[in-house]
Every structure is written in structure tokens, then in C-alpha cells.
Amino acid sequence: MLKLTDDGAKITLQGQPAAGDKGLFWFGAALLVGAVVVALAMSLLSERLAIGALALLIIGSFIFNQKRQQRKKAMTGIISNGILWVRDGELVHDNQGKREHIHLLENDKVTLDGEQLQIVDADNQRKYHISGFDSLQEVQATKAILQGQALSKRHVNIKMNSD
């Protein structure tokens with residue numbers, strides 16, 4: 001939903017939040033079970049086998065953290081839900097109380113991709129991918145505001161409600 005403000009617009013994105021990685025969940029659960037097994041091994045087995053089980057648990061934890069960091073890195077720049085405050089050359093993404101201020105550089109380009117918006121740098125590397133808009137008009141209005149253009153009738157549909 002698009003609401004015009006004095007210096008831009010407030011847009012509520014209706015997209016689905018990024019789904020969690022179930023494989024990562026199960027790997028974490030396996031590590032928890034592994035910790036219990038290591039604790040049992042330390043009390044029941046010889047020292048060498050217990051140290052080997054502990055080493056396997058440490059290696060598993062390292063792999064788990066590496067995968068989690070890769071997943072987190074891959075998700076940066078994807079915006080699909082929350083509230084987007086749009087001003088000339090600036091976005092503020094409010095997602096469940098966490099605010100991210102995004103300032104566009106002079107070389108950044110804003111492009112439409114269907115009902116989605118992409119912000120790319122001078123080398124055409126994607127910086128942000130924004131989806132979850134209600135309509136194509138919201139996407140076009142967002143692009144116009146980011147580029148400093150004045151909104152025209154074709155960008156905004158004004159709906160009047162009688163309460």
C-alpha cells in the first residue's frame with residue numbers, strides 16, 4: 001500500500017519473508033544430538049575415542065557456522081516485506097523494528113523487473129532486489145521518487161474511503 005508523505009512515500013511490502021533453510025535446521029539438530037553423544041562418549045569410552053568424538057563435534061560446528069554465514073551473505077540485499085520509506089536517493093527499510101538506511105550513490109541505477117525493483121551499481125552488480133509491491137504503479141512510483149522525479153497521475157492511484 002502506497003501513502004504519500006511530504007518528502008516521498010511510505011510503502012508497505014506484502015511479500016513473503018525469506019524462508020529459512022530447513023537443511024541448516026536439521027544440521028543444527030544433528031549437532032545437538034552429537035553433543036549429547038560426545039558427552040556420553042566421554043563418560044563411557046576410552047580417552048582417545050572421546051577426544052575423537054569431540055574433534056568431530058568441533059569440525060561439525062565449524063561447518064555449520066560456515067554454512068550459516070554463506071546463507072546470511074546470500075540474503076543481503078533482498079527486501080520483500082516490511083515498510084519502505086522512499087525519498088529522493090534514499091530508502092529506509094523497516095522490518096519488524098529493525099531499520100536499515102540505504103543511500104543511493106550517483107552511479108547507482110534503479111531498474112524495473114516486472115513488479116520488482118533492482119538497484120545496481122556502476123558495474124551492474126546487484127545491490128538490492130525489492131519485491132512485494134501491490135501493483136506496478138507502486139513500483140513505478142518508487143522508482144520515480146528514488147530518481148528525484150515528481151509523481152504524476154500515472155504513478156499513483158488515489159483511493160478514497162468513506163468510514
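Visitor: What do the buried residues of α3 pack against?
Guide: They pack against β1 (2–4), β2 (8–14), β4 (81–87), β5 (90–95), β7 (109–113) and β8 (116–120). Contact means heavy atoms within 4.5 Å. Helices (H or I, at least four residues) and strands (E, at least two) are DSSP runs, numbered from the N terminus. This is a predicted model: local features need pLDDT of at least 70, side-chain atom pairs count only at pLDDT 80 or more, and totals for chains, interfaces and linings use all residues. Residues are numbered from 1 along each chain as its sequence is written, and side-chain values use heavy atoms, with hydrogens and water left out.

Visitor: Which residues in α3 are buried?
Guide: Among them are Val-139, Ala-141 and Leu-146. Buried means under 20% relative accessible area, exposed over 50%, partly exposed in between (1.4 Å probe, protein chains only).

Visitor: New topic. How many salt bridges?
Guide: The count comes to three. A salt bridge is a side-chain nitrogen of Lys or Arg within 4 Å of a carboxyl oxygen of Asp or Glu.

Visitor: Which residue does Lys-127 meet in a salt bridge?
Guide: Asp-108, at 2.8 Å from N to O. Lys-127 lies in strand β9 and Asp-108 in the loop between β6 (98–103) and β7, so the pair ties together parts that are 19 residues apart in sequence.

Visitor: Is Asp-108 buried or exposed?
Guide: Asp-108 counts as buried, at 12% relative accessibility. Lys-127 is partly exposed, at 28%.

Visitor: And what does Arg-99 form a salt bridge with?
Guide: With Asp-94, the closest N and O atoms being 3.3 Å apart. Arg-99 is exposed, with a relative accessible area of 53%.
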